[in-house]
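Please look through the chain below before reading my notes. They are meant to be read with the model open beside them.

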Amino acid sequence: MDASGYAAWVAAVTSAATLVVTTVVSGRRERRQWARAALTDAFVAFLAASWQHSDLAMKSPMPPDTASVEAMRDQYAEMRNQLTRLRLLSPPPVVHVGQALLRLQRAVQEAPSAPERATALAATSAARHDMVAAAQKAMGLRRPWTTGPSSPIPLPPRQPADPERARPGR
């Protein structure tokens, strides 16, 4: 075999090796992209159901009527479904924070009085912030600011929804 034969053989082997490596690398990349998209969808759906549950609880009377109870149960069930997806796709710390948030949402739903519901809603809000932070960490996202109660950056005062109902000193 002459030099051109060896060169052709080396080119064929190199081409085959490149094809195998490219296929393996692109397959891994596609799997990572799919997992990241699925994880993002699960986080968003979980948090959206949490927000919806809290909104329903804030709007429902005490004790809640049947329609409110059913609507809150639906959102709670959606959170449970999304938590199952999170168990498959995210690290254990995220699952633990999600379970804590789910338990707090249940406490909101089962609060026997308006003051206890308000306390449970406040705890749920803080847990939701923890869930966002855990999701960002799990996905390798860093944000230059935080919005939680332990935020090192002071946030501007919250504007009241109805200026006529605003009390001095709030």
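The numbered points below go through parts of the chain in turn.

1. Please keep in mind that this is a predicted model.

2. The loop between α1 (3-59) and α2 is where Pro63 sits. The peptide bond that joins Met62 to Pro63 is cis, and its omega is near -10°.

3. Helix α2 takes in residues 66-89, 24 residues in total. From the first C-alpha to the last, α2 reaches 35 Å, which is close to the 34 Å expected at 1.5 Å a residue. Its buried residues are Ser68, Met72, Tyr76, Met79, Gln82, Leu83 and Leu86.

4. Helix α3 has 19 residues and runs over residues 92-110. Its reach from first C-alpha to last is 27 Å, close to the 27 Å expected at 1.5 Å a residue.

5. Which residues of α3 are buried? They are Val94, Val95, Gly98, Leu101, Leu102, Gln105, Val108 and Gln109. These residues cover an arc of only 130° around the axis, so they lie on the same side of α3. An α-helix has 3.6 residues a turn, so residues three or four places apart point the same way.

6. The other side of α3 has exposed residues: Pro92, Pro93, His96, Arg103 and Glu110. Why does His96 count as exposed? The relative accessible area of His96 is 52%, and exposed means over 50%.

7. His96 can also be placed relative to Ala134, which is 38 residues apart from His96 along the chain. The C-alpha atoms of His96 and Ala134 are separated by 9.7 Å.

Terms used:
Residues are numbered from 1 along each chain as its sequence is written. This is a predicted model: local features need pLDDT of at least 70, side-chain atom pairs count only at pLDDT 80 or more; totals for chains, interfaces and linings use all residues. Side-chain values use heavy atoms; hydrogens and water are left out. Helices (H or I, at least four residues) and strands (E, at least two) are DSSP runs, numbered from the N terminus. The expected span of a helix is 1.5 Å times one less than its number of residues. Buried means under 20% relative accessible area, exposed over 50%, partly exposed in between (1.4 Å probe, protein chains only). The arc is that of the directions from the helix axis to the C-beta atoms.
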